[in-house]
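Subject: Handover of a structure and notes on it

Dear colleague,

Please find the structure below, followed by an account of what was found in it. I would be grateful if you could read the notes with the model open beside you.

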Amino acid sequence: MTDIDLPESLLDLERTAWAEQQAGALTVPTALAVQRAITAHAEAAGMSRYEVEMAVKKMVRNPELAA
């Protein structure tokens with residue numbers, strides 16, 4: 001996967017969503033905030049939303065693979 005510059009704020013949103021998901025308590029507002037931030041970042045960077053989402057999830061959920 002291509003190296004993607006991801007803002008810490010986007011990673012923080014995904015960390016919150018991932019923690020909620022692991023606890024079985026993911027809320028619609030949290031999930032929506034992550035999706036909106038991913039979409040906005042992708043549009044601003046001229047990238048695919050899916051590519052950005054995969055990179056965000058990889059960095060948060062499997063940081064050892066993102067290095």
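Is the crossing of α1 and α3 left-handed or right-handed? The crossing of these two helices is right-handed, where left-handed would mean that the near helix is turned anticlockwise from the far one by less than a right angle, and right-handed that it is turned clockwise. Please note that this is a predicted model, in which local features need pLDDT of at least 70 and side-chain atom pairs count only at pLDDT 80 or more, while totals for chains, interfaces and linings use all residues. Residues are numbered from 1 along each chain as its sequence is written, and side-chain values use heavy atoms, with hydrogens and water left out.

The helix pairs

Helices here are DSSP runs (H or I, at least four residues), numbered from the N terminus. α1 and α3 pack at an angle of about 65 degrees, and their axes are 9 Å apart. Axes are lines fitted to C-alpha atoms, for helices over the stretch in contact, and angles run from 0 to 180 degrees between N-to-C directions. α1 and α3 are therefore roughly perpendicular to each other (angles under 35 degrees count as roughly parallel, over 145 as roughly antiparallel, 65 to 115 as roughly perpendicular and the rest as oblique). On the α1 side, L10, L11, E14, R15, W18 and Q21 meet V52, V56, K57, M59, V60 and R61 of α3, contact meaning heavy atoms within 4.5 Å. The residues of this contact divide into 7 nonpolar, 1 polar and 4 charged. In this division Ala, Val, Leu, Ile, Met, Phe, Trp, Tyr, Cys and Pro count as nonpolar, Asp, Glu, Lys and Arg as charged, and the others, Gly among them, as polar.

The axes of α1 and α2 come within 9 Å and cross at roughly 150 degrees. That angle makes α1 roughly antiparallel to α2, and the crossing of α1 and α2 is left-handed. From α1 the contact draws on L10, L13, E14, T16, A17 and E20, and from α2 on T30, A33, V34, A37, I38 and H41. By class, the residues of the contact of α1 with α2 are 7 nonpolar, 3 polar and 2 charged.

For α2 and α3, the packing angle is about 120 degrees and the axes are 8 Å apart. α2 and α3 are therefore oblique to each other. The crossing of α2 and α3 is right-handed. Here Q35, I38, T39, H41 and A42 in α2 meet R49, V52 and E53 in α3, and the residues of this contact divide into 3 nonpolar, 3 polar and 2 charged.

The nonpolar core

Which residues make up the largest nonpolar core? The 12 residues are I4, L6, L10, L11, A17, V34, I38, A42, V52, A55, V56 and V60. A nonpolar core is a set of buried Ala, Val, Leu, Ile, Met, Phe, Trp, Tyr and Cys residues joined through side-chain atoms within 4.5 Å. At least two residues of this core come from each of α1 (8-22), α2 (28-45) and α3 (49-61), and α3 gives the most, with 4 residues. I4, one of the core residues, is in contact with M47, E51, V52 and A55, leaving aside its neighbours within four places in sequence.

Individual residues

E14 is found in helix α1 and counts as buried, at 3% relative accessibility (buried means under 20% relative accessible area, exposed over 50%, partly exposed in between, with a 1.4 Å probe and protein chains only). Not counting residues up to four places away in sequence, E14 touches V34, V56, K57, V60 and R61.

K57 lies in helix α3 and is partly exposed, with a relative accessible area of 28%. Leaving aside its neighbours within four places in sequence, K57 is in contact with E14 and N62. K57 and A19 are 38 residues apart in sequence and 12 Å apart in space, C-alpha to C-alpha.

Is E53 buried or exposed? E53, in helix α3, is buried, with a relative accessible area of 13%. Leaving aside its neighbours within four places in sequence, E53 is in contact with Q35 and I38. Y50, also found in helix α3, is exposed, with a relative accessible area of 56%.

T27 has its place in the loop between α1 and α2 and is partly exposed, at a relative accessible area of 33%.

Yours sincerely,
A colleague
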